[in-house]
Amino acid sequence: MLNSNTPPDSYTFPSLLKACTSLNLFSLGLSIHEHIILSGFSSDSYTASSLINFYAKFGHTTKARKVFDKTPNRDVVPWTAIIGCYCRGGDVDNAFSMYNEMRCNEVDPSPVTFLSLLSGSLEVAHVQALHGCAILYGFESDIALGNSLLNAYTKCGSIVEARDLFELMDQRDNISWNSLISGYAQLGNVEEILQLFYRMKIESMDPDQQTFGSLVTAVAAQSKLDLGRVVHGQILRGGFDSDAHVETALMVMYLKCGNSDAAYQIFEGVSERDMVLWTAMISGLVQNNYADKALIVFHQMLKSRVDLSTATITSALAACAQLGAFYLGTSIHSCILRQGLAIDIPAQNSLVTMYAKCGHLEQSCAVFERMDKKDLVSWNAIIAGCAQNNHLSKALFFFNNMRLTLQKPDSLTVVTLLQASASTGALHQGRWFHNFVIKSSIRTCIMVDTALMDMYCKCGDLDAAVKCFRVMLQQDLISWGTIIAGYGSHGKGEMALSMYFEFLHSGMEPNKVIFLSILSACSHNGLVDQGLSIFQSMSRDFGIQPGLEHRACIVDLLCRAGRLGEAYNFYKGNFPEPAVDVLSMLLDACRANDNLELGDVIAQDVIMLRPASAGNYVQIAHCYASMSRWNGMGEAWTQMRSLGLRKLPGWSFIDLHGTVTTFFSGQNAHPKHEEIVATLTTLWWEMSEVGVNFQINEIHDIFFDEWF
């Protein structure tokens with residue numbers, strides 16, 4: 001055109017600028033701007049608007065504003081362009097300021113002006129103001145503007161205003177219906193979506209893939225599997241099952257409903273799988289605790305040569321963390337480093353968690369320290385990693401650093417630290433965290449309250465645990481189970497029973513955990529009849545079939561009461577599959593009650609089920625020794641040695657000023673060994689003086705653990 005000396009007109013440059021924007025040719029656009037100036041089209045309203053849009057699309061708001069300011073005769077088109085520029089750049093305040101300035105200059109807005117304003121991230125007050133202005137200028141019948149307002153209301157969560165606008169619209173198209181349905185989907189309101197879905201059909205409006213996508217998303221949020229299957233059938237009848245968006249939504253729905261087999265069938269049926277589909281499948285399998293399957297799918301994805309996203313890497317690392325697959329997690333990390341992949345904070349957080357859960361805390365800390373930016377999840381991940389690896393002092397170190405960076409801890413941070421205090425018996429630290437919760441005004445929730453209660457129970461301060469329970473605004477099954485178990489473990493079986501009956505009177509239905517807590521309390525406190533009665537009520541009154549752990553509690557209950565015959569008969573009648581741990585429980589009871597005959601039978605069963613366990617041979621040797629059957633004891637030790645087995649030493653630990661010290665049976669290499677022995681000797685004599693007696697069985701155990 002230039003070579004032929006054909007002069008450009010007012011349509012030439014806007015078309016060229018639009019092409020530069022589509023092809024991402026910023027430098028060429030700048031040279032076209034020079035031609036516009038040389039050709040004298042700078043004052044043309046249409047051309048100026050195209051220049052503003054060009055600079056806006058490339059993020060050069062300042063240059064766009066300069067073009068606008070130099071435009072002499074500004075009608076609604078350049079005004080709309082600069083307003084849209086500010087909205088797309090996220091500067092809503094300047095966009096509304098320009099809108100008000102436009103009106104002050106007596107330039108009336110067009111429907112496109114309102115569409116530009118609605119494209120920004122608005123608050124509901126902004127949307128309401130624009131809605132009012134649209135009516136004022138007589139644009140209420142414009143369907144595109146109506147749909148944009150509808151969409152803006154739903155994005156703000158104002159579903160009532162959106163519904164009112166929808167009902168007042170003179171005309172509605174698929175976008176109108178889908179915008180409202182999408183709004184209800186964000187709230188998980190399946191019932192309203194279904195009503196709109198059937199109303200669409202009544203009004204001869206066919207649902208499309210977006211309609212079904214929103215419906216499936218809402219069903220997934222509610223985990224309504226049966227309804228999801230019905231919707232899936234409707235999608236098949238409508239022929240939308242081949243749409244990529246719908247396929248992904250269906251797959252996610254089945255995964256969220258816990259039906260990974262159906263999700264995998266959909267996944268296998270997709271011929272062209274994109275990155276989103278692969279990532280959704282891997283992530284869903286991890287969330288359903290199928291980490292092994294997730295890693296198989298991840299391997300298939302690598303073979304298919306689909307580009308990895310940071311979300312994919314995050315999910316794969318989460319799978320490695322679940323399985324404790326250190327070497328696989330390390331290879332993924334190595335791949336990231338070799339290829340120079342830029343991973344985001346969530347992926348780095350997954351690396352921190354993976355190394356910590358695989359027991360490699362040093363690598364976890366190294367990844368954390370190298371992170372340029374850390375969010376709340378990052379801090380929680382490293383604190384949880386230290387706590388899970390029994391490094392309470394390190395967890396405290398990172399917690400203090402977290403506060404120094406002005407990152408505010410949340411309820412999950414506190415729960416992690418309380419659980420660490422509970423697992424190490426660190427009452428002092430637990431109390432400090434309790435004070436921190438009160439002083440820092442962390443929003444109290446059932447999770448924090450229950451963690452506090454659990455910490456006090458496990459650290460021996462039952463009164464504090466009860467106080468925490470009583471001040472809770474509401475209790476759930478977990479909090480009730482925790483306080484019942486706390487009473488039981490502190491030797492207060494009658495109070496545990498009282499709390500159990502108080503729980504029943506609250507109107508809540510017990511679950512398996514509640515039953516396990518109360519049965520354990522009965523077992524440890526000799527409440528045989530009550531325990532048996534509660535066990536029978538599980539299936540009779542509540543329709544809950546007792547699990548292995550509940551049946552084991554009854555065996556323990558009867559064993560502790562010395563009713564070995566009943567315990568063994570119960571085991572025979574209620575354990576279709578052999579349970580070596582329950583048999584070991586019976587064997588200990590035979591030893592405590594000098595039941596030689598039954599002990600022989602059970603000892604043979606234990607060895608048959610677990611022939612390569614050193615612990616079982618030690619237990620049998622102890623059993624024979626307590627009954628003075630020295631030949632049997634010698635045979636057990638001989639057989640254990642012939643198999644090359646060695647019992648792991650017994651161990652314990654103590655937390656002192658945040659440092660956990662571990663002690664092993666027979667250990668004499670501790671730096672304060674002599675001081676410890678002297679203190680124990682003193683305690684021995686003091687206990688003897690006050691009449692504390694030792695049973696011969698306990699003395700046998702001490703010597704056997706020391707010698708063997």
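By class, the lining of the second largest pocket in this predicted model has 12 nonpolar, 3 polar and 3 charged residues. Here Ala, Val, Leu, Ile, Met, Phe, Trp, Tyr, Cys and Pro count as nonpolar, Asp, Glu, Lys and Arg as charged, and the others, Gly among them, as polar. The model is predicted, and local features need pLDDT of at least 70, side-chain atom pairs count only at pLDDT 80 or more, and totals for chains, interfaces and linings use all residues. Residues are numbered from 1 along each chain as its sequence is written, and side-chain values use heavy atoms, with hydrogens and water left out.

**The second largest pocket**

- The second largest pocket holds about 360 Å³ of space.
- Its lining comprises 18 residues, and Phe298, Leu302, Leu308, Cys335 and Gln339 lie nearest the centre.
- Two or more lining residues come from each of α18 (291-303) and α20 (326-339).
- Helix α20 supplies the largest share of this lining, 7 residues.
- A pocket is an open set of points on a 1 Å grid over the protein atoms alone, where a 1.4 Å probe fits, with protein on both sides within 12 Å along at least five of seven lines; lining residues have an atom within 4 Å of a point.

**Helices α23 and α24**

- Helix α23 (residues 376-388) packs against helix α24 (residues 392-404) at an angle of about 165 degrees, with the axes 8 Å apart.
- The two helices, α23 and α24, are therefore roughly antiparallel, a term for angles over 145 degrees, while those under 35 count as roughly parallel.
- On the α23 side, Leu376, Trp379, Asn380, Ile382, Ile383, Cys386 and Ala387 meet Lys394, Ala395, Phe398, Phe399, Asn401 and Met402 of α24, where contact means heavy atoms within 4.5 Å.
- This contact of α23 with α24 has 10 nonpolar, 2 polar and 1 charged residues.

**Helices α24 and α25**

- Between α24 and helix α25 (residues 411-424), the packing angle is about 160 degrees and the axes are 10 Å apart.
- Helices α24 and α25 are therefore roughly antiparallel to each other.
- Leu392, Ala395, Phe399 and Met402 of α24 make the contact with Thr413, Leu417, Ala420, Ser421 and Thr424 of α25.
- The residues of the contact of α24 with α25 comprise 6 nonpolar, 3 polar and no charged.

**Helices α29 and α31**

- Helix α29 (residues 477-489) and helix α31 (residues 512-524) pack at about 5 degrees, their axes lying 8 Å apart.
- That angle makes α29 roughly parallel to α31.
- Leu477, Trp480, Gly481, Ile484, Ala485 and Gly488 of α29 meet Ile514, Ser517, Ile518, Ala521 and His524 of α31.
- The contact of α29 with α31 has 7 nonpolar, 4 polar and no charged residues.

Notes. Axes are lines fitted to C-alpha atoms, for helices over the stretch in contact, and angles run from 0 to 180 degrees between N-to-C directions. Helices (H or I, at least four residues) and strands (E, at least two) are DSSP runs, numbered from the N terminus. Angles under 35 degrees count as roughly parallel, over 145 as roughly antiparallel, 65 to 115 as roughly perpendicular and the rest as oblique. Grid points are joined across faces, edges and corners, and a volume is the space filled by probe spheres set on the points.
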